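Subject: Structure handover

Hello,

Here is the structure for your files. Please open it next to this email.

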Amino acid sequence: MSQRVLVWDVPTRVFHWLLVLSFAGAYLTAESELDRDIHVVLGYTLLGLLAFRLLWGFFGTRYAQFRSFL
């Protein structure tokens, strides 16, 4: 009989995909002066996402907490 194992919750999965998309967008807009505003917004988005993940790692659900990594 197979047992269901939960790894990450929905906020953590959304965080990971938004992190990837924001980083890719910032990378693609890094060299263009016309896209500088987009690049800056994506950088602040990355900063906000990292702040969210730090908080979620301490106060989030059981499988998202840093202590469950070990």
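Ground rules come before the findings. The model is predicted, so local features need pLDDT of at least 70 and side-chain atom pairs count only at pLDDT 80 or more, while totals for chains, interfaces and linings use all residues. Residues are numbered from 1 along each chain as its sequence is written, and side-chain values use heavy atoms, with hydrogens and water left out.

Helices

Helices are DSSP runs of H or I with at least four residues, strands are runs of E with at least two, and both are numbered from the N terminus. Helix α1 covers residues 10–28. Helix α2 covers 36–59. The 24 residues of α2 should span 34 Å at 1.5 Å a residue, and its end C-alpha atoms lie 35 Å apart, which agrees. The expected span is 1.5 Å times one less than the number of residues.

Packing

Which residues of α2 are buried? They are L42, L46, L49, R53 and G57. Buried means under 20% relative accessible area, exposed means over 50%, and partly exposed is in between (1.4 Å probe, protein chains only). An α-helix has 3.6 residues a turn, so residues three or four places apart point the same way. The buried residues of α2 pack against α1.

L42 is a case to look at. Its relative accessibility is 19%, so L42 counts as buried. Beyond four places in sequence, L42 is in contact (heavy atoms within 4.5 Å) with S22, G25, A26 and T29. G25 sits in α1 and is buried at 17%.

Now take G25 and V5. They are 20 residues apart along the chain, and their C-alpha atoms are separated by 33 Å.

Surface and ends

V5 lies in the segment before α1. V5 is exposed, at 66% relative accessible area. With V7, W8 and F69, V5 makes a nonpolar surface patch of about 430 Å². Patches take residues with over 30% relative accessible area and no salt bridge; nonpolar side chains (Val, Leu, Ile, Met, Phe, Trp, Tyr) are joined within 5 Å, like charges within 9 Å.

Q65 lies in the segment after α2. Is Q65 buried or exposed? Q65 is buried, at 10%. Not counting residues up to four places away in sequence, Q65 touches G57, F58, F59 and G60.

Best wishes

Notes
Areas by Shrake-Rupley, 256 points an atom, 1.4 Å probe, with all protein chains shown as cover. Salt bridge = Lys/Arg side-chain N within 4 Å of Asp/Glu carboxyl O.
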